[in-house]
Amino acid sequence: MSYSQNNLLIATCGNLMASDDAFGPMVARDLRQLNPSGIEVVDLDIRPAALLDYLPGRTGLILVDAVHAPGLTPGRVLDWDWFSPDRPELVNDDTMSTHGLSLAMQIDMADQLGMLPSYVRLIGLTIDPTLAVGQKASPDLVRNVLTAADLIRMHAEHRSDTPREPQYA
Amino acid sequence: MKDSKSDKAGTRTIRVGALARVEGEGALHLVMDGDQVEKVNLEIYEPPRFYEAFLRGRDFMEVPDITARICGICPVAYQMGSAHALEKAMGVYDEVTPEIRELRDLLYCGEWIESHVLHMFMLHLPDFLGYESAISMAADHGETVKQALRIKKLGNVIMDVTAGRSVHPVNVCVGGFYKAPDPDKLKALLPEIEACLDLMCQLTLFLAEKIDYPDLERDYEFVALCPDEGYSMNLGRIKSNKGLDVDQQEFGAAIEEQHKAHSTALHSIIKGRGEYLVGPLARLNLMHEGLHPKAKELVPKVCKLIGKNLPWQNNFLSLPARGIETVHALALAADIIRNYTLPQISRVRITPRAGYGGHGTEAPRGVCWHEYETEDDGSIRTAHIVPPTAQNQTTIESDLRELARQVVALSDEDAALRCEHLIRNYDPCISCSVHFLKFKRTLKS
């Protein structure tokens with residue numbers, strides 16, 4: 001079954017002042033430039049704890065954030081079903097972020113409360129965990145942002161329902 | 001992450017790799033000899049971010065938008081502190097209209113609601129109810145969590161409508177607001193505010209009734225803004241229960257910031273006296289008479305359920321204090337919106353000049369004080385920001401010193417959990433304080 005796209009939330013997260021952690025907000029900017037129909041883009045900036053505010057009534061969610069993924073080289077765009085058992089392990093405690101209530105925790109809580117859409121996807125950019133606030137972005141950041149934005153448009157157009165049993169049900 | 005080890009001399013070390021549910025990065029190191037605490041270090045190692053340095057040379061009008069980025073949870077506090085201080089520097093502080101001041105209080109109400117509810121129900125309540133996290137707590141208290149999320153969302157919406165967005169609002173400027181919010185959009189929020197006010201009263205009584213608060217009474221020096229009327233967010237002299245009583249501009253001279261080898265954040269003390277506490281407990285103890293009537297009528301009920309009258313000397317009671325403050329913020333927001341009409345001006349006119357201004361406002365975590373010197377063209381010559389978590393650091397270490405004596409017989413893991421629980425009383429924002437937590441306990445015998 002195909003979804004109506006207007007229930008798809010694109011939630012980006014990251015710090016424009018912290019090198020490649022700007023990935024999420026830059027993807028949001030790119031998506032908004034083209035004003036795509038049928039999706040809502042929300043930039044959570046450095047307050048991802050607001051994600052739960054936007055979930056009720058959604059049928060789909062695409063999270064966009066810079067990630068630390070042990071074993072993966074920095075600069076890779078990840079595109080995964082959030083619940084895929086093959087999804088690379090991510091590190092929640094990001095030294096560059098102020099994530100008081102991480103995205104992963106909110107996904108679990110939304111699942112617990114029956115608020116989580118069945119379609120949840122992660123578009124992530126692997127980053128160097130030693131990068132700090134104030135450092136310049138990597139040369140490939142803009143290209144990776146465009147890649148991510150294209151992936152999101154593709155998913156928004158072609159996503160299909162894959163019912164998933166809530167983890168905590 | 002926690003681990004422990006013994007060394008050759010029989011000492012024992014416990015580490016907690018990172019403190020969950022606080023903002024930022026840090027560690028705790030305890031050294032104990034029997035039941036005597038030799039050292040308590042709250043080791044804040046999040047790198048400094050040098051905001052005060054890179055504000056130099058920027059135009060004064062840029063400052064609220066830049067300082068807002070110090071924190072994702074309390075950007076309004078940094079905007080309010082910088083706006084008020086720079087209005088003093090520009091000589092227009094007394095020209096700011098009552099309507100603009102009310103809108104600033106409304107914006108702050110949104111931040112208090114969002115920040116307090118996030119902390120109470122997502123980050124701190126699991127400690128008191130014996131859950132590992134809000135996720136496991138939600139399995140048994142799903143309805144409570146949903147109610148809390150509803151109120152938290154309302155806080156964000158109030159900020160969004162008042163100031164353009166909830167994260168790093170874009171409508172705040174030195175002198176007021178770039179644009180006055182739409183009265184119809186604000187008034188449309190009233191039914192939800194009134195519903196959430198009723199919910200929050202119930203939730204505050206729940207916090208008072210259902211929790212057996214740990215007993216850790218200390219003789220704190222409470223510091224807060226104390227206006228002649230009301231319960232301050234933006235205005236008022238800075239006072240304490242032990243004799244501090246200074247004008248906003250003089251606060252910087254009343255305190256001393258100290259470098260500590262174990263922390264990248266400065267530690268503040270009151271000159272000649274020592275540590276002090278800012279935040280909800282300080283505000284409630286010093287200003288409860290100024291609460292909105294809806295919150296004020298709740299105070300005796302909460303005191304009766306807890307079994308303690310004000311002043312509360314136990315910072316574990318900061319949880320119900322936040323509940324009462326959230327009721328206050330919701331009731332105040334409703335009053336401001338009911339009376340709101342489009343103001344004639346949304347900001348005062350400013351001619352740049354050389355000047356100086358110092359001002360603190362009440363961030364959710366306590367007094368957040370700013371001072372600036374400006375050049376003739378309005379550019380920033382010097383900037384100085386004193387965030388609440390930095391002011392509380394010495395007090396947190398003293399609390400931990402007291403608690404460590406109580407937990408000496410506990411296992412390393414349980415002792416670490418109790419210490420983390422105590423630190424969360426302060427809702428610390430380490431990202432702000434450096435402009436938190438690994439646990440390490442060394443037992444010498």
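Chain A of this predicted model has a mean pLDDT of 81, with 82% of its residues at 70 or more. Two stretches call for some care, and the table sets them side by side.

| Stretch of chain A | pLDDT | Contacts in the model |
|---|---|---|
| residues 93-99 | under 50 | 21, beyond four places in sequence |
| residues 165-169 | below 50 | seven, beyond near neighbours in sequence |

Where pLDDT is low, the predicted coordinates should not be read in detail.

Now for the overall layout. Chain A is built from three helices and five strands, and reading from the N terminus these follow the order β-α-β-β-β-α-β-α. The chain has 169 residues, of which 46% count as buried.

Two packed helices are described by the angle between their axes and the distance between the axes. Here, helix H1 (residues 23-33) of chain A packs with helix H3 (residues 141-158) of chain A at about 60°, and their axes are 9 Å apart. Because of that angle, H1(A) is oblique to H3(A). The crossing of H1(A) and H3(A) is right-handed.

Which residues bring the two helices together? From H1(A) come Phe23(A), Met26(A), Val27(A), Asp30(A) and Leu31(A), and they meet Leu141(A), Asn144(A), Val145(A), Leu146(A), Ala148(A), Ala149(A) and Ile152(A) in H3(A). Sorted by class, this contact between H1(A) and H3(A) holds 10 nonpolar residues, one polar and one charged.

Terms used. Residues numbered from 1 in each chain as written. Chains lettered and ligands numbered in written order. Predicted model: local features only at pLDDT ≥ 70, side-chain atom pairs only at ≥ 80, totals over all residues. pLDDT = per-residue confidence, 0-100. Helix = DSSP H or I, 4+ residues; strand = E, 2+ residues; numbered from the N terminus. Buried ≥ 20, exposed ≤ 12 C-beta atoms within 10 Å, placed from the backbone. Axes fitted to C-alpha atoms, helices over the stretch in contact; angles between N-to-C directions. Parallel < 35°, antiparallel > 145°, perpendicular 65-115°, else oblique. Left-handed = near helix turned anticlockwise from the far one by under 90°. Nonpolar A, V, L, I, M, F, W, Y, C, P; charged D, E, K, R; others polar.
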